[in-house]
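Thanks for coming, everyone. I have one model to walk through today. Please keep the structure in view as I talk.

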Amino acid sequence: MTLLTFFGCGLTAYGPALSIFFLHVAKDAQLVLLMVSSAFFWLISILLSSIIWYLIKPIYPKNELTILYSVILQEIFRWLLFNIMMRAEPGLILVANNPKSLYNRSSFAFVCGMGFGLMSGVVTYFTLLVNSIGPAVLMCNSCTALTVYIVGAFTTYTT
């Protein structure tokens, strides 16, 4: 049953993003590179926030301060990616499959957002998902009919 929980929760959490990836993004190498680069920007922002958390010892017990600078760093890196995309957009459109399409810019923005969201979901939920293979089941405190794994899957699905 635990392997079924793993695959069920995993497909619930990552299924829509994977289907969009395989049906839309994977057809164009340029979009795959944009998605991977935006995911990399998200990882760099989380790396910097974890370095700050590790180096400044008084921040350990203050979760609200950690959340504040982590969100600020994520938004700074999102802004940096936006600036890079604005500078690279003429070149990206020039080498696109259909350079005259009006939807190139929105497709680039969609894929960059998807990279941010997918990497956020992978980092925050994957460790909990791997724990679902274990011998026990964690029930959710607020809704005793659901496990923590399925609640996390629905939460990840919405990001």
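Let's start at Tyr125. Leaving out residues up to four places away in sequence, Tyr125 touches Cys9, Ala13, Tyr14, Tyr149, Gly152, Ala153 and Thr156. Contact here means heavy atoms within 4.5 Å.

A word on the basis. This is a predicted model, where local features need pLDDT of at least 70, side-chain atom pairs count only at pLDDT 80 or more, and totals for chains, interfaces and linings use all residues. Numbering runs from 1 along each chain as its sequence is written, and side-chain values use heavy atoms, with hydrogens and water left out.

Now the overall layout. The chain has five helices and zero strands. Helices are DSSP runs of H or I with at least four residues, strands are E runs of at least two, and numbering goes from the N terminus. The C-alpha trace spans about 55 × 40 × 20 Å along its principal axes. Of the 159 residues, 33% count as buried. Buried means under 20% relative accessible area, exposed means over 50%, and partly exposed lies in between, with a 1.4 Å probe and protein chains only. Among contacts with a separation of 6 or more, 67% come from residues 24 or more positions apart.

Next, the core. The largest nonpolar core has 30 residues. Such a core is a set of buried Ala, Val, Leu, Ile, Met, Phe, Trp, Tyr and Cys residues joined through side-chain atoms within 4.5 Å. Tyr125 is back here, one of the residues with the most contacts inside this core, along with Cys9, Val25, Leu34, Met35 and Met85. Helices H1 (2-25), H2 (29-55), H3 (63-94), H4 (104-131) and H5 (148-158) each give two or more residues to this core. H4 supplies the largest share, eight residues.

So what does H4 do at Tyr125? H4 bends there by about 45°. The bend is the angle between axes fitted to the seven residues ending at a position and the seven starting there. What about the length of H4? Its 28 residues should span 40 Å at 1.5 Å a residue, and the end C-alpha atoms are 40 Å apart, which agrees. The expected span is 1.5 Å times one less than the number of residues.

On to the record. An unreviewed UniProt entry annotates residues 29-55, 67-88, 108-129 and 136-157 as "transmembrane region". Positions follow the numbering used here, feature names are shortened, and annotations may be inferred rather than shown by experiment. In the model, residues 108-129 are 100% helix. Residues 136-157 are 45% helix and 0% strand, with end C-alpha atoms 23 Å apart.

Now charges. How many salt bridges does the structure hold? Two. A salt bridge is a side-chain nitrogen of Lys or Arg within 4 Å of a carboxyl oxygen of Asp or Glu. In one, Glu75 meets Arg78 at 3.9 Å, N to O. They sit three residues apart in helix H3, so about one helical turn separates them. Glu75 is partly exposed at 43%, and so is Arg78 at 40%.

Arg105 pairs with Glu89, with the closest N and O atoms 3.3 Å apart. This pair links distant parts of the chain, Arg105 in H4 and Glu89 in H3, 16 residues apart. Is Glu89 buried or exposed? Glu89 is buried, at 12% relative accessibility. Arg105 is partly exposed, at 46%.

Thr159 lies in the segment after H5. Thr159 is exposed, at 59%.
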